[in-house]
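Please look through this protein chain from its strands to its core. The report below takes one pairing first and then widens the view.

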Amino acid sequence: MCIRDRNSGGRVVVRSDDKIVFVAPLDTDQQVELEGPLGITVLQIENGAARIVSSPCTNKVCIRMGEARHAGDLLACVPNKLVVTIEGDSTEGDAEYDFIRR
């Protein structure tokens with residue numbers, strides 16, 4: 001059995017109602033305002049990670065989710081209908097495998 005290290009992500013992809021509304025590389029620090037049905041959710045990309053720093057939702061679960069930096073990581077603000085995923089860099093080879101068993 002062999003468990004591989006999780007691959008670093010290459011980009012942030014934000015979807016709202018199954019439509020891509022924002023894409024950015026993880027290696028470029030920035031802050032972006034994302035519009036949802038409740039208002040503005042603020043996504044911060046810094047030091048190779050993405051995190052939600054502000055949102056109009058009631059419980060703020062999306063903020064407490066912390067950072068996402070590895071391919072396959074996910075952040076979600078369900079009430080504001082925003083899903084943030086980290087996708088791998090296509091140059092990583094077999095990035096889709098995180099567990100191999102014989």
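## A pairing to start from

Cys-77 stands opposite Leu-82 in β8. The model is predicted: local features need pLDDT of at least 70, side-chain atom pairs count only at pLDDT 80 or more, and totals for chains, interfaces and linings use all residues. Residues are numbered from 1 along each chain as its sequence is written, and side-chain values use heavy atoms, with hydrogens and water left out.

Strand β7 (residues 74–77) and strand β8 (residues 82–88) run antiparallel and are joined by four bridges. Strands here are DSSP runs of type E with at least two residues; helices are runs of H or I with at least four, and both are numbered from the N terminus. Two strands pair if DSSP finds at least two bridges between them. β7 and β8 make a hairpin with four residues between them. In that turn, Lys-81 has a positive phi of about 55 degrees.

## The whole chain

The chain has one helix and nine strands. Along the sequence they follow the pattern β-β-β-β-β-β-α-β-β-β. Of the 102 residues, 34% count as buried. Buried means under 20% relative accessible area, exposed means over 50%, and partly exposed lies in between (1.4 Å probe, protein chains only). The chain exposes about 6,500 Å², and carbon and sulfur atoms supply 47% of it. These areas come from the Shrake-Rupley method with a 1.4 Å probe; for residues, only the protein chains shown count as cover.

How confident is the predictor? The mean pLDDT of the chain is 86, and 81% of its residues reach 70 or more. pLDDT is the predictor's confidence in each residue, from 0 to 100. Confidence is highest in strand β5 (residues 39–46), at a mean of 98, and lowest in strand β1 (residues 2–3), at 40. Over residues 1–5, pLDDT stays under 50, and the model has ten contacts there beyond four places in sequence. Over residues 90–95, pLDDT is also below 50; this stretch has four contacts in the model beyond near neighbours in sequence. Contact means heavy atoms within 4.5 Å.

## Two open sheets

Strands of a sheet pair through backbone hydrogen bonds, either parallel or antiparallel. Axes are lines fitted to C-alpha atoms, for helices over the stretch in contact, and angles run from 0 to 180 degrees between N-to-C directions.

The other open sheet has three strands in the order β4-β5-β6, again with antiparallel pairing. Its edges are β4 (30–36) and β6 (49–54); each has a single partner strand, so one side of each is left without a neighbour in the sheet. Here the twist averages 30 degrees from one strand to the next.

| Strand pair | Bridges | Residues standing opposite |
|---|---|---|
| β2 and β8 | six bridges | Arg-15 and Val-83 |
| β2 and β3 | six bridges | Val-12 and Ala-24 |
| β5 and β6 | five bridges | Ile-45 and Ala-50 |

β2 and β3 also form a hairpin, with two residues between them. Asp-17 in that turn has a positive phi of about 50 degrees.

## Gly-10

Gly-10 lies in strand β2. Is Gly-10 buried or partly exposed? Gly-10 is partly exposed, with a relative accessible area of 24%. Gly-10 and Asp-89 are 79 residues apart along the chain, yet their C-alpha atoms are separated by 4.6 Å. Beyond four places in sequence, Gly-10 is in contact with Pro-25, Leu-26, Glu-87, Gly-88 and Asp-89.

## The nonpolar core

In soluble globular proteins, nonpolar side chains tend to be buried together. A nonpolar core is a set of buried Ala, Val, Leu, Ile, Met, Phe, Trp, Tyr and Cys residues joined through side-chain atoms within 4.5 Å. The largest one here has 19 residues. Val-12, Val-14, Phe-22, Leu-34, Leu-43, Ile-45 and Ala-50 touch the most other members. β2 (9–16), β3 (19–25), β4, β5, β6, β7 and β8 each supply at least two residues of this core. β8 gives the most, with three residues.

Ala-50 also touches residues well along the chain, among them Val-12, Leu-75 and Ile-86.
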